[in-house]
Amino acid sequence: MIVRPERSGDEADISRVTEAAFRNMAFSDQTEHLIVGRLRQAGALAVSLVAEHGDEIIGHIGFSPVTLSSGEAGWFALGPLSVLPENQGQGVGAALVRAGLSALDGMGASGCVLAGNPAYYGRFGFANVAGLTSDGIPDEYLMALTLHGGTPSGIVGFHQGFYGDAV
C-alpha cells in the first residue's frame, strides 16, 4: 500500500470509497462523499491523500481550513477519513492520518481539529480541549492536536462544504 496525494481522475474512486466506508455507520447521514466533493469544488481541500493498493484506491483523507472564534489562524479540520470496509482494521486509516498530519506539519499548520471517536483519534495525540466547542458537535467528540500553535480556544467554524454549501 502507498499513500499519495489525490490527483486528477481520482474523484470517482474517492467518492466510491467514501460512500462504502460510511454506508453502515449508524452516526452517518450518508453525505460524507458529498462533503468531499463540495470541499474539492470550493478549493478547500488543503491536503487530500489516498491510500492505494495495487491499482485500487482503498482509502482517503481530507483536511480543510477552519476558523476559530478566538482568531487563532492556521488550523485545519481532519475529515472525512474513509477506508473501504474490507480494508478497515488493517492500518490504512492510521497511515492516512499520520501522512496527513505530517503534511500539515510540513505546511507549518498551527494544528488540527476533528469530530470523531476519542478512542481512535486519541492514539494520534488528539484530545478534548477545554474551551473549544462547535455547534452541533458534542464536546466529547470534538478534539484537537496542536502542531505549531498554542492551545486552540473558542468556537470552531468548519468550512461550509460540511453543511451543504460549496462556497
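Predicted model: local features only at pLDDT ≥ 70, side-chain atom pairs only at ≥ 80, totals over all residues.
Visitor: Why is Arg16 called partly exposed?
Guide: Buried means under 20% relative accessible area and exposed means over 50%. Arg16 has 34%, which lies in between, so Arg16 is partly exposed. Glu56, with 36%, is therefore partly exposed as well.

Visitor: What makes Arg4 count as buried?
Guide: The relative accessible area of Arg4 is 8%, under the 20% limit, so Arg4 is buried. Asp10 has 7%, so Asp10 counts as buried too.

Visitor: How do you know that Arg4 forms a salt bridge with Glu52?
Guide: Their closest N and O atoms are 3.1 Å apart, and the limit is 4 Å, so the pair counts. Arg4 lies in strand 1 and Glu52 in strand 2, so this pair ties together parts 48 residues apart in sequence. Arg4 also forms a salt bridge with Asp10, at 2.7 Å. Through shared partners, Arg4, Asp10 and Glu52 join into one network.

Visitor: How do you know that the size of the protein agrees with a compact globule?
Guide: For 167 residues, a compact globule would have a radius of gyration near 15 Å; the protein has 15 Å, so the two agree.

Methods
Residues numbered from 1 in each chain as written. Heavy atoms only, no water. Rg over C-alpha atoms; globule rule 2.2 N^0.38 Å. Salt bridge = Lys/Arg side-chain N within 4 Å of Asp/Glu carboxyl O. Buried < 20%, exposed > 50% of the residue type's maximum accessible area, 1.4 Å probe, protein only. Helix = DSSP H or I, 4+ residues; strand = E, 2+ residues; numbered from the N terminus.
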